[in-house]
Amino acid sequence: MALANSTVFFASSSSTFRRRSRVFALDFAPILSVFGVPNKCSELGFTSSTKKNILYASTDGLNAVSSTSLKSEQDADYVPMPKVHIDQDSDSDATIVQLSFGDRLGALLDTMKALKDLGLDVSKGTVATEGSVKQTKFFIKRLDTGRKVEDPDMLERIRLTIINNLLEYHPECSVQLALGEAFGIKAPEKKLDIDIATHIQVKEDGPKRSLLYIETADRPGLLVEIIKIIADINIDVESAEIDTEGLVAKDKFHVSYRGAALNSSLSQVLVNCLRYYLRRPETDIDSY
């Protein structure tokens with residue numbers, strides 16, 4: 001069942017395109033073979049909303065679903081803000097990854113394949129349209145256990161894999177991403193001052209846990225670095241939401257100490273440690 005202005009696809013369903021209660025069978029194999037996309041991708045089923053969508057192949061591979069529209073030269077020059085959101089709270093069985101880049105993204109079959117190459121199962125995906133922004137959402141589980149992803153290293157690999165794919169198929173986004181400095185066709189013109197960009201807060205979130213909010217300049221390995229700093233002072237991370245918005249990382253962690261929320265003293269210690277390391281990325285963590 002599909003909601004209005006959304007597309008839902010399942011990795012195990014047959015190749016169908018549904019619109020207004022009519023079902024059309026699609027054969028993607030001839031199109032996919034031209035671009036070297038594995039035939040198994042044609043087994044994906046797409047359920048479309050009443051808004052007219054076209055599934056098409058291009059030099060990007062079969063990697064987008066786009067609404068038919070005319071764009072002005074000004075629109076073509078505009079580079080939207082790329083966003084990657086990793087949600088560990090909303091679903092008890094799966095890790096939810098959501099990606100948006102204006103109206104330029106769709107089904108992202110190549111990204112799904114890259115995630116599978118990490119040993120992950122994309123059990124379900126959706127493409128929803130909110131205004132002019134398409135939001136692609138994946139529900140991910142580990143292939144070996146069938147459970148959501150808990151390992152911070154794997155979560156960081158998921159984040160970097162998605163961003164690398166975004167840079168590959170939409171190279172224009174490099175001007176909006178921190179990783180564009182090293183891997184993009186054009187480095188970001190805007191440079192963030194780490195001291196100014198870093199904001200850390202610890203808030204109450206019930207008697208058994210606290211909410212840690214971190215906003216800082218994005219860089220590779222950031223998530224793993226944060227988790228190590230938290231673990232070094234014996235604080236447990238129960239769940240997390242990982243956001244990458246252009247050059248900035250905005251992360252939320254539910255944390256606890258010995259099964260209880262952090263008191264004011266421990267909260268201050270945590271904030272001080274994080275601020276010290278995040279504002280000095282060249283500092284060796286083991287030197288603490």
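Which residue takes a positive phi in the hairpin of S9 and S10? I found Gly131, with phi near 65°, in a hairpin that has two residues between the strands.

A note on ground rules before going on. This is a predicted model, in which local features need pLDDT of at least 70 and side-chain atom pairs count only at pLDDT 80 or more, while totals for chains, interfaces and linings use all residues. Residues are numbered from 1 along each chain as its sequence is written, and side-chain values use heavy atoms, with hydrogens and water left out.

**Entry: overall counts.** I listed eight helices and 14 strands; helices (H or I, at least four residues) and strands (E, at least two) are DSSP runs numbered from the N terminus. Of the 288 residues, 46% are buried, meaning under 20% relative accessible area with a 1.4 Å probe, protein chains only. The accessible surface is about 14,900 Å², and carbon and sulfur atoms hold 49% of that (Shrake-Rupley method, 1.4 Å probe). I also checked contacts (heavy atoms within 4.5 Å): among those with a separation of 6 or more, 64% join residues 24 or more positions apart.

Entry: I traced Leu120 to its bridge partner in S10, Arg142.

**Entry: the core.** The largest nonpolar core has 50 residues; such a core is a set of buried Ala, Val, Leu, Ile, Met, Phe, Trp, Tyr and Cys residues joined through side-chain atoms within 4.5 Å. Leu115, Ile158, Leu212, Phe253 and Leu274 touch the most other members. I followed Ile158: leaving aside neighbours within four places in sequence, it contacts Ile86, Val97, Leu115, Leu118, Leu120 and Val149.

**Entry: helix H7.** Is H7 (residues 222-232) enclosed or open? Eight of its eleven residues are buried, so H7 is largely enclosed by the rest of the structure. After H7 comes Asn234, with a positive phi near 60°.

**Entry: cysteines.** My search of the whole structure gave zero disulfides (a pair of cysteine sulfur atoms within 2.5 Å). Cys173 is buried at 0% relative accessible area, and Cys273 is buried at 9%.

Methods:
Pairing = 2+ DSSP bridges.
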